[in-house]
Amino acid sequence: MSETTTREERYEQGKTVLDAVDGAAGANVIDSLQDIAPELGHQIVAWGFGEIYSRPGLEPRDRQLVTLGMLTALGGCEPQLDVHINAALNVGLTPQQIIEALLHSAVYCGFPRALNATFTAKKVFAERGLLPVT
């Protein structure tokens with residue numbers, strides 16, 4: 001995006017990226033903010049996806065690996081992990097790769113957070129008919 005890109009153009013760019021990566025889950029998050037914090041929803045789309053996620057420096061699958069690691073490390077982000085585990089699958093990561101990333105996170109952020117993230121992944125995989133992971 002350039003300095004002259006309008007607020008609406010950033011939003012439209014972000015919406016295109018959000019829809020491609022997160023699908024209905026991303027739209028549901030934004031829609032759920034409309035009656036309480038519509039500006040937060042706008043910023044998630046326009047800045048988070050229109051400015052940051054759409055940058056050319058990393059592929060979408062790599063961005064999702066980074067996101068999964070950070071959300072796991074933060075802890076208490078299971079609803080966001082749910083969305084981003086789905087997104088990771090949408091951009092080509094396999095369940096095995098996701099589990100490997102969450103296992104790797106145990107070394108740096110501890111077993112409780114890695115376990116919470118893994119149980120979130122289990123829920124997502126079950127919903128998508130991807131269990132058992134071998």
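Which residues of helix α2 (residues 38-53) are buried?

**View 1. The buried residues of α2 and what covers them.** In this predicted model, local features need pLDDT of at least 70 and side-chain atom pairs count only at pLDDT 80 or more, while totals for chains, interfaces and linings use all residues. Residues are numbered from 1 along each chain as its sequence is written, and side-chain values use heavy atoms, with hydrogens and water left out. Helices here are DSSP runs (H or I, at least four residues), numbered from the N terminus.

**View 2. Where α3 packs on α5.** The axes of α3 and α5 (residues 95-109) sit 10 Å apart at an angle of about 40 degrees. Axes are lines fitted to C-alpha atoms over the stretch in contact, with angles from 0 to 180 degrees between N-to-C directions. In the contact (heavy atoms within 4.5 Å), α3 brings Arg61, Leu65, Leu68, Thr72 and Ala73, and α5 brings Gln97, Ile98, Ala101, Leu102, Ser105 and Cys109.

**View 3. Asp22 and its neighbours.** Asp22 belongs to helix α1, and it counts as buried because its relative accessibility is 5%. Leaving out residues up to four places away in sequence, Asp22 touches Phe49, Val83, His84, Ala87 and Asn90. Asp22 and Asn90 are 68 residues apart in sequence, yet 7.2 Å apart in space, C-alpha to C-alpha.

Definitions and conventions: Buried means under 20% relative accessible area, exposed over 50%, partly exposed in between (1.4 Å probe, protein chains only). Helices (H or I, at least four residues) and strands (E, at least two) are DSSP runs, numbered from the N terminus.
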